[in-house]
Every structure is written in C-alpha cells, then in structure tokens.
Amino acid sequence: MTRLALVALALVVAVPASARTHAAGTDWPMFGYDAARHDSGPASTGITAANAKSLRRLQVQLDGTVDSSPIYLHDVKAGGGTRDVVFVTTTYGKTEAIDAASGRVLWRFTPPTYSSYAGSARITNTTPVADPSRTAIYAGAPDGRIRKLRVSDGRVVWSTSITRDPTHEKLTASLNFSRGLVIATTGGYLGDAPPYQGHVVTLRPSNGHIAHVWNSLCSNRHAIIQPSTCDASDSAIWARSGAVVDPSSGDLLVATGNGPWNGSTNWGDSVLVLSPDAARLLRHWTPANEAELNAGDVDLGSTAPALLQGGYFVQSGKDAKLRLLSLARLPGVNTAKGGELQTVPTPGGSGLFSAPAVWRGNWVFLATESGTEAWVLRGGRLAKAWGNGNGGTSPVVAGGLLYVAGNGALHVYVPTSGREVATLPSGGMHWNSPIVADGRVVVPEGNANDHAQSGVLNIFRR
C-alpha cells in the first residue's frame, strides 16, 4: 500500500461514523436532537432562507394523535426496503414507522393493553429514542411500559414496566439515551390525582433490565415503589425534555413539579443533578419560594434545564420567570435554597411549557403561548436579542434557521435577527414540535387532551 493510501485510510478511521455518513443523510434520533436536549440540529439540511417558503406539504393521516416530537433515521432497513423513516408514538401508545418520502406507514406497533385505555384520559406524550445501532427504537405507552422495537418491522425485543401504578403514574416526558443506558421519567395525569411520584429510571438496552431508580419523593428508597406506600405524592418529572444529559460529565438534570420538599428525601419544585446512571443525587437547586410554587400549582417542572456554555443553564416554569444558574455553584444534598444569578421574564409573561433551544452555546430561544424570544449569554448575563408575539411550542434550530410551530403555522426565522423567512401551514398544536433533516421538516398536529384516536403528521419537503 502506498504512503498516500495509508494516509487516506487513517483519515477514514479517524472520522466518526456519523460524520462519514453525513453526505448520505442525517439522523434526528431523539427529542432535542442530542442527549443534552439542545434542540440544535444538523448544520446543513438542504433548506435555506431562500427556499423555505417553497416547501411542499405532505399530510399523513394517522390512527392516533402525536402530541410530542417525531424522530428520524435515514437509510435504514424498514418495511422490506432501505429508506428514510420517521418514527412517532401516538397518545395511546401506538408507535408507527412512516416512509419519509411517500408518507406510507411501514409498520405499526399496538400495545396489547391498547383497548383498555384508548379514548380515555390515560395518554402518553413520550417521544421515542433511537438506539445508537440504528436497528431499534425505544418507546413508551400508557400501560407504563418501555419497549424496545425493531426498526425493520416493529417487533418487540423486550418490554419493561417502570411504574407499579400506570393509572396514576404517567409516561409524559421524552425518552433519552446516554452512556449505554435508556433513560425514562414519570409524572402524573392531568388533574394531579394522587398518589404518584416522579422518578427517573435507567434501563439496560440489551435486555430491558432496570439499572437504577431515583425517586424524587421518598428518595431514600432506590426501587420502583407502589405510589401508595410513600407518604408524599406528586413531584412529577413531566417536562418535554425529561432527563437532560450534561455532555461534559454525563450527569442527568431533571426538574420536578409541585410536591413536598424537605431537602433530604422529598424534592418537589427543584432542579436535580443525578449521577449518569440515576443511582444518586449529587446537587440541587430549589427556589426560595418553592412552598409558594407548590401551594399555587405553579410547577417549576413544566420545563427542564437548558444547558449553555461555561457551565451555565437556564430554568423556567409556570411562573413565567427564566432564571440563569451555574452548575458549579449548586449546593449538594441539603436544605439550601436560591442562588440564581439572574431572572428575566418569559415571552409575553406566560408560563413556559416547551423546551428552550440552545444554539452555539450562548443563544437561547424560548416560545410560550404568547410569543417567541431570543436571548444571548454574554459575560455571565442574559441579554435579549429579539422577540415577537408569535406563540409556539419547543423551538428547534437546524441548517442555520429557527423553526417554531404554533397554532395554525410553522414559523421559520433567521436566528440572529428574528426575521421571518417563511410561514408554513399547520393545524392546532399542543406539545408537538418539529424536526428538520435531509430537506424535510416533520411536525405533527393535535392535542392529546382531546382524546382523539386519529391525527395528522405534516412532512414539508423540497
């Protein structure tokens, strides 16, 4: 072999597989694009400010509502061929594989318990997550189970329950995958009917065995518990992002909803930093007015932490305040409260129920029902860059453009200025949010709380 050939071979080996396959396509394997939930996707998508307004809309009729986000794998074997595939989970736990080019449903998995809750208030808003092998995905259902499904045909590889009471403990947040573990969280159903406890569960992808459980109430108990056996209830982990992974340490960050707090075993209305396997609590941040938030049903956990550069992160909630915090300054497992570095209002003064998008490490994009805003971190402070009155769900950045889906429209902006370059038609939204890859924007419609057993998936394409 010549010296030139050896150099070329070394270069190929040194480049990660994801980079080598970029020319053929780009995956969007989980909610938020990466395990840190940055909601900042591929640098190149084939969609630009010049051609965004000319995207053509393909509507796919589904037999369930997707009140969450799709995921996407390019060039995978599914439905008897190799193709680009969109995966979604409907509110009653059906998970479907859809040909991204034609809109044809390639396979559909229906939980065996489907008929016992279809049409009822027992729903799920989980977004599935792809296995790094790209041969399987993990999905949740209202029966409280996480299932590993084959990408090729939707067959179940394993099924594991992560609650002892799926009638009270809901799978709401998106699933995650980090350091060889599947990560799931639990919350409660609309109306906060007790008993339930928010908890984090890590599972082994090979067999579905539970690695660790961390309970945000009765946290001295390290297993899945019958909710009625804990003397405290609520503290749901229900934000769209679920567990956020710190890429520098692998630590998991979650935010809890209303619930009791004592700084030792009960951790309602707090941001919690757990070990990468969810075996133990490392640090926390609890606002000084956590008792007031709890009494007023003003969940801190309506959204999750969003990680910025330099060890900073932001946390908001139903109280319409965005707080800047530092991971390095968080206290350990104790009764300390407060410590935020800065507090600014959310768009339109509305509660934040979506996931912020973080771009280039220092840009933060927020959308509430009242508006969309961009903030920039400079010198340890947030400065507002722009804002408008267009409400929306979780923003995403991809290919140098910002996408925000709201009721009746998908808005496409220049991230640095807020200049709108396209408005794409869409139906009503709740917690649905778009993904963008390979010349396509995929966004579902509908509200899980309507309890419909039908829905629409939009695929905008060049």
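Rings of Phe, Tyr and Trp (its six-membered ring) count as a pair if their centres lie within 6.5 Å; planes under 30 degrees apart are stacked, those over 60 are edge-to-face and the rest are tilted. This is a predicted model, in which local features need pLDDT of at least 70 and side-chain atom pairs count only at pLDDT 80 or more, while totals for chains, interfaces and linings use all residues. Residues are numbered from 1 along each chain as its sequence is written, and side-chain values use heavy atoms, with hydrogens and water left out.

**View 1. Ring pairs link Trp359, Trp363, Phe365, Trp386 and Tyr413 into a cluster.** The structure holds 12 aromatic pairs.

**View 2. Tryptophan 28 and tyrosine 33 form an edge-to-face aromatic pair.** The ring centres are 4.9 Å apart and the planes stand at 65 degrees to each other. Tryptophan 28 is buried at 1% relative accessibility, whereas tyrosine 33 is partly exposed at 22%. Here buried means under 20% relative accessible area, exposed over 50%, and partly exposed in between (1.4 Å probe, protein chains only). Tyrosine 33 lies in the loop between helix H2 (17–20) and strand S1 (56–62). Helices (H or I, at least four residues) and strands (E, at least two) are DSSP runs, numbered from the N terminus. Although tyrosine 33 is not a glycine, its phi is positive, about 80 degrees.

**View 3. Tyrosine 138 and tryptophan 158 form a tilted aromatic pair.** Their ring centres are 5.8 Å apart, with 35 degrees between the planes. Tyrosine 138 belongs to strand S7 (residues 136–140) and tryptophan 158 to strand S9 (residues 156–161), so the pair ties together parts that are 20 residues apart in sequence. Both tyrosine 138 and tryptophan 158 are buried.

**View 4. Two charged side-chain ends sit over aromatic rings: lysine 94 over tyrosine 114 and arginine 240 over phenylalanine 31.** The criterion is that NZ of Lys or CZ of Arg is within 6 Å of the ring centre and within 35 degrees of the ring normal. The charged end of lysine 94 is 4.6 Å from the centre of the tyrosine 114 ring. For arginine 240, the distance to the centre of the phenylalanine 31 ring is 5.7 Å.

**View 5. Cysteine 218 and cysteine 230 form a disulfide.** The structure holds one such link (a pair of cysteine sulfur atoms within 2.5 Å). The sulfur atoms of cysteine 218 and cysteine 230 are 2.1 Å apart. The link of cysteine 218 and cysteine 230 is right-handed, with 100 degrees about the S-S bond. Both cysteines lie in the loop between strand S15 (210–215) and strand S16 (244–245), so the pair ties together parts that are 12 residues apart in sequence. Cysteine 218 and cysteine 230 are both buried.

**View 6. Arg37, Ser241, Thr303, Ala304, Pro305, Ala306, Ala355 and Pro356 line the largest cavity.** A cavity is a set of points, on a 1 Å grid over the protein atoms alone, where a 1.4 Å probe fits but cannot get out; lining residues have an atom within 4 Å of a point. Grid points are joined across faces, edges and corners, and a volume is the space filled by probe spheres set on the points. The count comes to one cavity of 30 Å³ or more, and the largest cavity holds about 30 Å³ of space. Its lining has five nonpolar, two polar and one charged residues. In this classing, Ala, Val, Leu, Ile, Met, Phe, Trp, Tyr, Cys and Pro are nonpolar, Asp, Glu, Lys and Arg are charged, and the others, Gly among them, are polar. Arginine 37 is placed in the loop between H2 and S1 and is buried, with a relative accessible area of 2%. Arginine 37 has a positive phi of about 60 degrees although it is not a glycine.

**View 7. A cis peptide bond joins proline 194 and proline 195.** Omega is about 5 degrees for this bond. Proline 195 lies in the loop between strand S13 (187–188) and strand S14 (199–203). The C-alpha atoms of proline 194 and arginine 122, 72 residues apart along the chain, are separated by 14 Å. Arginine 122 is in the loop between strand S5 (105–109) and strand S6 (129–130) and counts as buried at 18% relative accessibility.

Methods. 1 Å grid on protein atoms, 1.4 Å probe; cavity = no way out; pocket = protein on both sides within 12 Å on 5 of 7 lines; lining within 4 Å.
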